[in-house]
Amino acid sequence: MESSISTWVREAVDRVRVIDMHTHLFPPSFSSLWRSGADHVLTYHYLIAEAIRAGGRSPEWFYGLPLREQAAWVYEQIFARTSPLSEAAMGVVAIAQAFGVDLQQDGIEGLREALQHEPSEPYAERVFQLAGVDQVVMTNDPLDPAERAHWLKGDPVHPRFLAALRLDPFLGDWGALRTCLAAAGVSVSPAADAPDLAEVRRFLKDWIGRMRPVYLAFSAPPEFTYPSKEASGRVLDACILPACRSNGLPLALMIGVRRRVNPRLREAGDASGRANLAAVERLAASNPDVRFLVTVLSREDQHELVVLARKFANVIPFGCWWFVNTDTLTREISALRLELLGPTFVLQHSDARVLEHLVYKWKNARALAVDVLVHKYTKLAEEGWRVTRDEIERVVERLFRGNFLDVVRSV
Ligand code: FIX
Ligand code: ZN
């Protein structure tokens with residue numbers, strides 16, 4: 001029985017076509033935002049933080065280099081001078097292997113030759129096939145001028161790329177939001193009063209119509225609280241939640257990020273902190289008609305989130321985000337979720353920033369699913385349950401795509 005279970009799980013996990021519910025990827029038509037190729041793979045902000053630790057140079061020196069030299073320097077610190085043992089470094093080794101590059105023999109030049117830097121539909125297709133991914137969800141910021149330009153030009157969105165309307169600035173400081181909105185041609189007063197909130201609602205309606213997102217989302221610091229009398233609290237209650245309701249869209253919350261604790265490191269300078277999950281509890285309790293996809297950044301919050309999800313069916317935990325997306329922690333978190341929720345969560349998302357990240361992030365997610373599911377199904381069989389191949393396939397399908405599709409379709 002044990003060997004059948006292991007074969008059935010492995011085969012189901014190998015075969016499943018993933019829906020990746022959170023990435024930072026863009027389709028080839030959004031050319032200025034497209035990221036692929038060896039130099040981008042090597043300058044992933046996870047690796048920049050690690051290389052600067054190891055290499056003894058300042059962030060200012062590093063960011064002063066052109067992209068190719070940054071990549072070569074990261075390569076030197078992490079791959080040439082030591083073993084690439086971190087999660088992100090091993091990811092590069094896995095990408096190289098998937099593209100037939102022997103990194104130790106061919107080095108960075110081998111990787112540059114095998115991976116394509118320019119936007120290309122056939123290349124995107126090849127990477128999706130290698131990763132076994134069907135569709136990815138982007139992170140779409142209507143206040144980002146570069147991104148806005150692509151949408152306003154009407155650049156076509158490839159069907160493999162789904163949109164998610166990302167609203168971080170709407171949950172931040174009202175003054176800063178006013179400035180961003182003004183740049184997008186929307187004028188609101190310092191008061192954040194009813195007419196201002198009506199303007200924000202109009203802006204969201206307009207962008208939901210243009211992007212056709214599968215969910216709305218924001219990331220928040222540990223201090224995120226609900227309800228709140230601040231302007232951000234009013235925007236959430238009077239604009240974002242109504243937009244979710246009237247469009248039948250879930251809201252994704254990514255809580256626990258402390259942005260730019262080391263601003264010199266730029267994107268690599270964010271850290272994590274413990275969230276206030278009582279705020280999520282109040283949000284879920286007061287808005288039972290909205291579904292919340294929730295991920296938390298600190299390891300310490302994972303158990304509380306799962307317990308909360310047991311109490312509120314409109315809370316759906318998703319993925320192991322960023323600093324908890326490691327070999328050790330994804331197993332711990334996914335097993336915990338299965339133990340307290342059964343297969344009613346979204347197993348993983350990639351957070352890919354560079355196209356080829358899909359390859360290693362999903363390879364890791366598949367390996368974690370095999371480990372956790374073989375263990376659980378073996379235990380289930382020992383308890384006397386006649387495990388079938390069919391039920392394993394259904395659970396794998398739910399964890400890698402079905403649960404997410406149910407959330408975005410069923411509201
Ligand atoms: O807020 C987010 O979506 C984060 O995932 C990113 O901002 C972060 O930089 C990242 O890439 C983590 O994986
Ligand atoms: Zn992200």
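**View 1. Residues around the second largest pocket of the predicted model.** Tyr-46, Glu-50, Ala-88, Trp-322 and Phe-323 lie nearest the centre of this pocket, and they belong to a lining of 14 residues. The elements that give two or more residues to this lining are α3 and α6, the latter spanning 87-98. The space in the second largest pocket comes to about 250 Å³.

**View 2. Make-up of the lining of the second largest pocket.** Sorted by class, the lining holds six nonpolar residues, four polar residues and four charged residues. Helix α3 supplies four residues, the largest share of this lining.

**View 3. The largest pocket and the residues at its centre.** The volume of the largest pocket is about 1,500 Å³. A total of 45 residues line this pocket, and the closest to its centre are His-24, Arg-166, Arg-259, Glu-267 and Arg-353. Two or more lining residues come from each of these elements: α3 (45-55), α5 (67-80), β5 (215-220) and α12 (231-247).

**View 4. Make-up of the lining of the largest pocket.** In the lining of the largest pocket, 17 residues are nonpolar, 15 are charged and 13 are polar. The largest share from an element is three residues, given by α3.

Technical notes:
Residues numbered from 1 in each chain as written. Chains lettered and ligands numbered in written order. Predicted model: local features only at pLDDT ≥ 70, side-chain atom pairs only at ≥ 80, totals over all residues. Heavy atoms only, no water. 1 Å grid on protein atoms, 1.4 Å probe; cavity = no way out; pocket = protein on both sides within 12 Å on 5 of 7 lines; lining within 4 Å. Points joined across faces, edges and corners; volume = space filled by probe spheres on them. Nonpolar A, V, L, I, M, F, W, Y, C, P; charged D, E, K, R; others polar.
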